[in-house]
Amino acid sequence: PRHHSHAARADSAPSAMATRIAKKIVVVGGGNSAGYFARAVVAAGRGADLTVISAEDVLPYERPALTKAFLNETGPARLPGFHTSVGGGGERQNQEWYDANGVEVHLGTRVVSWDAASKTVTTDTSASFGYEKLIVAIGCTALKLPASMGGDLPGVHYVRDHADALALYDAMSKARAPVVIGGGYIGLEAAAAFAARGAKPAVVMMEPHVMARLWTPTIAAHYEALYESKGCVFHKNAKVSAIARGEDGRVKSVELEGGASLPADLLVVGVGAGAVTAPFDALDTTPDASNPGGILVDATFAASGVNVEPKSVYAIGDVAAFPLAFDKNQTVRMEHVAHARASAAHCARCVLAADDDDAQTANAPYQYTPYFYSRVFEQADSTRKVAWVFYGLQRGEVVCVGDFAPKLAAFWVDEGVCVGAMLESGTPDEVKAVQAIAEGRPSVDVEKLRACATAEAALSLFA
């Protein structure tokens, strides 16, 4: 069913020859960035200028919850509990909030075409919306295993949106032989959810250890031991050759190169995300369209392309390839909720300031410190909660300090300067200290750091 906010009901059944509805600011997408962009526009008193068009049938929400508390067996997180912007300390933006602030929302509605010259987007309901400013907030898609190897069999799950997570939650209670493919964020969070239910998942990954893009083998070993103590079985340096189908047509097993076969009645695939830009693929992308790919933007998140009037189209969140001031303006994409929120707020400030002829604010560059985190085993009966943060850059040698009982700290030291830091089970003050270290880039004596017996002692070196 298509849902529309109060303001939208007049045009909920457009004719095939729909007229073009003129809007000031149109946001395409309904994830974290869309919700936080709406928050910023409403805070500026401009909610009536805003229209949000989302393919999902629920209002914008805090997407990270889908592989965390959402999957808890008892007391799982559910909407409306985690609509934006509760994760960032804001109000819960429910339907009443959008209505009260004059924001028009079209849910279950997909934008299928875009005309830059006429500044128009058209939806799958044949409705056309003209805009002065277009904000592309379409996020990323979950990478899928090819259908030819069984990647689309019943029982194979990918987690990208609310409907995906609901389907996975419903299937988990019946799973007797769950298998997770991928040793990154999604894989480890799904594996933790199974382990917390006593389901003993098999975790298959091509890399030699979990979180291989961020962690060293030393850091990873601590987490792997914890997962194994909770019944997880890791299959490392392993490649899936096929997902076999049973007589009932559902997934039956995961076949690995080399001949191993893992029984599987439920499969969660977390092998990364892709920046699919359609129907906005006429916008400029990065020179290498796959690294980092996405939509190329400037430091205000303005995009460019053929027939695109300057500062009329913007891209925010996961899909935006932006200059990271923190690292000499290297062009990066950040698939992370902190950036989704911050990019939305920054872009909204720039867009609204341009309207107010405030050139300084309209052209202010984006300041962002790369940040990653995960939280697992947070169930009420958990004896060991896991919560880590990382700030900064992964560059240079890594010094790991602490015994993971419960604290562990790691520092990335490049030419005598600490450029990145990670902390497990830190207090709020310690987490702030880690961020300050990454942002301050202090010089550090690596031998003194190595000699620290505890994470606290290591942090005090920087105090």
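This is a predicted model: local features need pLDDT of at least 70, side-chain atom pairs count only at pLDDT 80 or more; totals for chains, interfaces and linings use all residues.
I take strands as DSSP runs of E with at least two residues and helices as runs of H or I with at least four, numbered from the N terminus.

Residues are numbered from 1 along each chain as its sequence is written, and side-chain values use heavy atoms, without hydrogens and water.

**Entry: second largest pocket**

I looked up its volume, which is about 460 Å³ (the space filled by probe spheres set on grid points joined across faces, edges and corners). Of its 25 lining residues, K68, G87, R341, Y373 and R375 are the closest to the centre. Here a pocket is an open set of points on a 1 Å grid over the protein atoms alone, where a 1.4 Å probe fits, with protein on both sides within 12 Å along at least five of seven lines; lining residues have an atom within 4 Å of a point. Strand 23 gives the largest share of the lining, 4 residues. Helix 6 (337-355), strand 23 (371-376) and strand 24 (386-392) each supply at least two.

**Entry: T120**

I found T120 in strand 6 (residues 120-123). T120 counts as buried because its relative accessibility is 8% (buried is under 20% relative accessible area, with a 1.4 Å probe and protein chains only). Beyond its neighbours within four places in sequence, T120 has contacts that include R20, W114 and Y131 (contact: heavy atoms within 4.5 Å).

**Entry: A147**

I placed A147 in the loop between strand 9 (141-142) and strand 10 (156-157). A147 lies 51 Å from F462, C-alpha to C-alpha, at a sequence separation of 315 residues.

How values were computed: Buried means under 20% relative accessible area, exposed over 50%, partly exposed in between (1.4 Å probe, protein chains only).
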